[in-house]
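Subject: the structure you asked for

Hi,

Here is the model, ready to open next to your notes.

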Amino acid sequence: MGELAKVFEARWPAAPGVEDPWGNSKAARWMAPAGQAVVRAGLLAWRGLQEDRKVPPRKRAILVIGVEGTWPEWLKGKSPGDVAKQWRSKPPLWLLECLPNLPAAQLAIEVGVQGPVESRRGRAEDAADVQRTLKRWNGRGIWQTLVVRLNGEVAQAEVWSR
């Protein structure tokens, strides 16, 4: 089992002049801004990794930390009857934006991950917990993990590889 090292990192929002890696995506319509930041940061980090350093899809994983599921503002204070009336006027996939694992799943699709994909709430002990997860996955044959941490609507992505 090889040692893991951080080989590339990126963040979103990016510095001025950095092209949006997910600018023309239709999937962004159904994702909250925080989730969009996760996907964009992850894509920037992944695309920054040299092609010859990328491992096969079954040896890749994604770990997203800090994404919380939230109900949309239009639901607050509404009766069940009001919700039912407004529900019909919403886009058919509106509920997707409430799912905390949607950004991790979308990122897995974009990057072609066929290994573990996990999302977690943010906690104080995250750094040690992330390292334990990376070591455990590495022991199970995962050689590369894209880790994205969300803080508000700012996402920091790192590619860890052996």
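Trp143 is partly exposed, with a relative accessible area of 29% (buried means under 20%, exposed over 50% and partly exposed in between, with a 1.4 Å probe and protein chains only). This is a predicted model, where local features need pLDDT of at least 70 and side-chain atom pairs count only at pLDDT 80 or more, while totals for chains, interfaces and linings use all residues. Residues are numbered from 1 along each chain as its sequence is written, and side-chain values use heavy atoms, with hydrogens and water left out.

Back to Trp143: you'll find this residue in the loop between α4 and β4 (helices are DSSP runs of H or I with at least four residues, strands are runs of E with at least two, and both are numbered from the N terminus). Leaving aside neighbours within four places in sequence, Trp143 is in contact with Leu4, Val55, Lys59, Asn138, Trp160, Ser161 and Arg162 (contact means heavy atoms within 4.5 Å). Lys59 deserves a look, as its charged end sits over the ring of Trp143, 4.4 Å from the ring centre. That label needs NZ of Lys or CZ of Arg within 6 Å of the ring centre and within 35 degrees of the ring normal. Trp46 is 97 residues from Trp143 in sequence, and their C-alpha atoms are 14 Å apart in space.

Thr145 counts as buried because its relative accessibility is 4%. Not counting residues up to four places away in sequence, Thr145 touches Ala61, Ile62, Leu63, Leu134, Trp137, Glu158, Val159 and Trp160.

Arg121 is another story: this residue is exposed, at 57% relative accessible area, and lies in the loop between β3 (117-120) and α4 (126-139). Beyond its neighbours within four places in sequence, Arg121 is in contact with Ile65, Gly66, Glu68 and Asp126. From Arg121 to Gly139 is 18 residues in sequence and 24 Å in space, C-alpha to C-alpha.

Most peptide bonds are trans. Pro13 belongs to the loop between β1 (5-12) and α1.

On a 1 Å grid over the protein atoms alone, a pocket is an open set of points where a 1.4 Å probe fits, with protein on both sides within 12 Å along at least five of seven lines, and lining residues have an atom within 4 Å of a point. Its lining has 21 residues, and the closest to the centre are Ala32, Ala34, Gly35, Val67 and Glu68. Elements giving two or more residues to that lining are α1 (33-48), α3 (102-111) and β4 (144-151), and α1 gives the most, with 3 residues.

As for the whole chain, there are 4 helices and 5 strands, running β-α-β-α-α-β-α-β-β from the N terminus on. Buried residues make up 41% of the 162 residues. Among contacts with a separation of 6 or more, 74% join residues 24 or more positions apart. The C-alpha trace spans about 55 × 35 × 25 Å along its principal axes.

Cheers
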